[in-house]
There are 2 protein chains.
Amino acid sequence: MNSILLNPDHTLSAGQYRLTARQQQHISKVIKAEAGAVLRVGLLNGQMGEGIYEPPSEGFDQNKEISDCGYIHSLNLFRSPPAPLPMVLVMALPRPNMLKRTLHNITAMGVKELYLIHSAKVEKSYWQSPVLQPESIEQCLLEGLEQAKDTLMPKLTFVPRFRPFVEDQLPALLNNKMGLLAHPYKAIRCPVDLQQPCVLALGPEGGWNEFEVEKWLEAGMQAVHLGERILKVETVVPALLSRLYPS
Amino acid sequence: MNSILLNPDHTLSAGQYRLTARQQQHISKVIKAEAGAVLRVGLLNGQMGEGIYEPPSEGFDQNKEISDCGYIHSLNLFRSPPAPLPMVLVMALPRPNMLKRTLHNITAMGVKELYLIHSAKVEKSYWQSPVLQPESIEQCLLEGLEQAKDTLMPKLTFVPRFRPFVEDQLPALLNNKMGLLAHPYKAIRCPVDLQQPCVLALGPEGGWNEFEVEKWLEAGMQAVHLGERILKVETVVPALLSRLYPS
């Protein structure tokens, strides 16, 4: 947690923002801040800067309700969040044990528009995972933002049906963007330092199937490869985003 | 495991290579191969191709000794492993729960010369972790190679003392290589698609301290930054390697 993201919905009174239990725990146990400490903060979907910490009145007990958390006041916001990546990421839904880490990475690297889509090689059971619950997802995204000192919440959409997305929604997304399909056949080398926005589609373990590849290509996507090495999803995501849009 | 790495030390008779328990388990439980199946294999530090699978004579029991594993015979090796990255990676020893994943990533991405070094912000206890045992390390590296369909074992050196390394060993490593220090102050933007070999030094959580930075710079390293976002070690490694040497 490299900055503390304050939520306008958690306003106590004007200019006072209540901390969440997770934030309070971090401040108490890792930062070990005392009353009056100046901490790096950001306002959700807003500016970044500093704020002054006021601990919970009765001390912090991580087993108690959230009302026991402290708050931040006297905000001094003087900085914009880092620039978003100019891309839309469409990714086959990863297996649940990979999903949290992947969402964290994607958010920390600055993706703001993300679709998690079904594919023939995505097991149906993945869609039932508790990790997909809104609270769990929101938590991953918030942690990614706090890691990267960002404030802009990504927009994440679940797409349980492949075909209507690729046929009906993709063309509009591709407007003024280069479409890149991570797929090793009929592929060009993946661009480096791309100077235009893109839609990037990243397949499941085992890749897209033939029908899916055909649908992506029909929609105007270009297949790109990343060389001979096969990398795990959690490795390939930072590797790909970083080569496309090196910061 | 995208290829099975056979160890010449595990030769049964000419052209027959015994599988390890881990490999046997993967073949029995994930690939579910039968006798005579053609599998993708590589010879440790050698060529890659295919081989024929012979299961253990009495069936596979993962609780039994390694002598119950099957073997691969009739190798047909027709392909070189992917090119190594032309770099030396010097990294502050990560915390033990990050180390395995980081070693796996680094190996899968093709680093062949790796130094894990002490730094003021590396906790002394990290050096006592069981993850640093040679068998545990070798396992991580082998898994990284099998993930990426590579065969060339990286050379990993532990450096428990910072100063003698930077003063005495680094100058020789820097010969004909660009020295890059991941550090945000007095830094230029990290190169993209670097057309020459490099030595890259990557700090601990919290960064190198002032003395360390000075020593790196004295040795001829150039500080480079990666933009405003702060990423976890496990994210920054693939992001950095991929922008320096996109495949």
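Modeller: Glu167(A) is partly exposed, with a relative accessible area of 34%. By definition, buried is under 20% relative accessible area, exposed is over 50%, and partly exposed lies in between (1.4 Å probe, protein chains only). This is a predicted model: local features need pLDDT of at least 70, side-chain atom pairs count only at pLDDT 80 or more, and totals for chains, interfaces and linings use all residues. Residues are numbered from 1 along each chain as its sequence is written, chains are lettered from A and ligands numbered from 1 in written order, and side-chain values use heavy atoms, with hydrogens and water left out.

Glu167(A) has a partner. Its side chain meets that of Arg163(A) in a salt bridge, 2.8 Å from N to O. The term means a side-chain nitrogen of Lys or Arg within 4 Å of a carboxyl oxygen of Asp or Glu. Both residues sit in helix α4 (residues 162-173) of chain A. They are four residues apart, about one turn of the helix. Helices (H or I, at least four residues) and strands (E, at least two) are DSSP runs, numbered from the N terminus. Arg163(A) is partly exposed too, at 44% relative accessibility.

Now go to helix α5 (residues 210-218) of chain A. Here Lys215(A) and Glu218(A) are three residues apart, which puts about one helical turn between them. They form a salt bridge, with the closest N and O atoms 3.4 Å apart. Lys215(A) is buried, at 10% relative accessible area. Glu218(A) is exposed, at 55%.

Another pair reaches across the chain. Glu143(A) forms a salt bridge with Arg22(A), and the closest N and O atoms are 4.0 Å apart. Glu143(A) lies in helix α3 (residues 134-148) of chain A, and Arg22(A) in helix α1 (residues 21-31) of chain A. They are 121 residues apart, and the pair links distant parts of the chain. Glu143(A) is partly exposed, at 31% relative accessible area. Over all chains, the count comes to 19 salt bridges.

Cysteines next. There are zero disulfides over all chains, a disulfide being a pair of cysteine sulfur atoms within 2.5 Å. Cys190(A) is in none, and the nearest cysteine sulfur, that of Cys198(A), is 8.2 Å away. Cys190(A) is buried, at 1% relative accessible area. In chain B, the sulfur of Cys69(B) is 20 Å from the closest cysteine sulfur, in Cys140(B), which is too far for a bond. Cys69(B) counts as buried at 10% relative accessibility.

How do the chains relate? A rotation of 180°, with 0.0 Å of shift along its axis, superposes chain B on chain A with an RMSD of 0.0 Å. That is the relation of a two-fold axis. The superposition is by least squares on the C-alpha atoms of residues with pLDDT of at least 70 in both copies. Of the interface residues of chain B, 100% are also interface residues in chain A, so the copies meet through the same surface.

One helix shows contacts with both chains. Buried residues of α2(B) include Met98(B), Leu99(B) and Ile106(B). The helix's buried residues pack against α6 (233-244) of chain A, and in chain B against elements including β6 (87-92) and α3 (134-148). Contact means heavy atoms within 4.5 Å. After α2(B) comes Gly110(B), whose phi is positive, near 105°.
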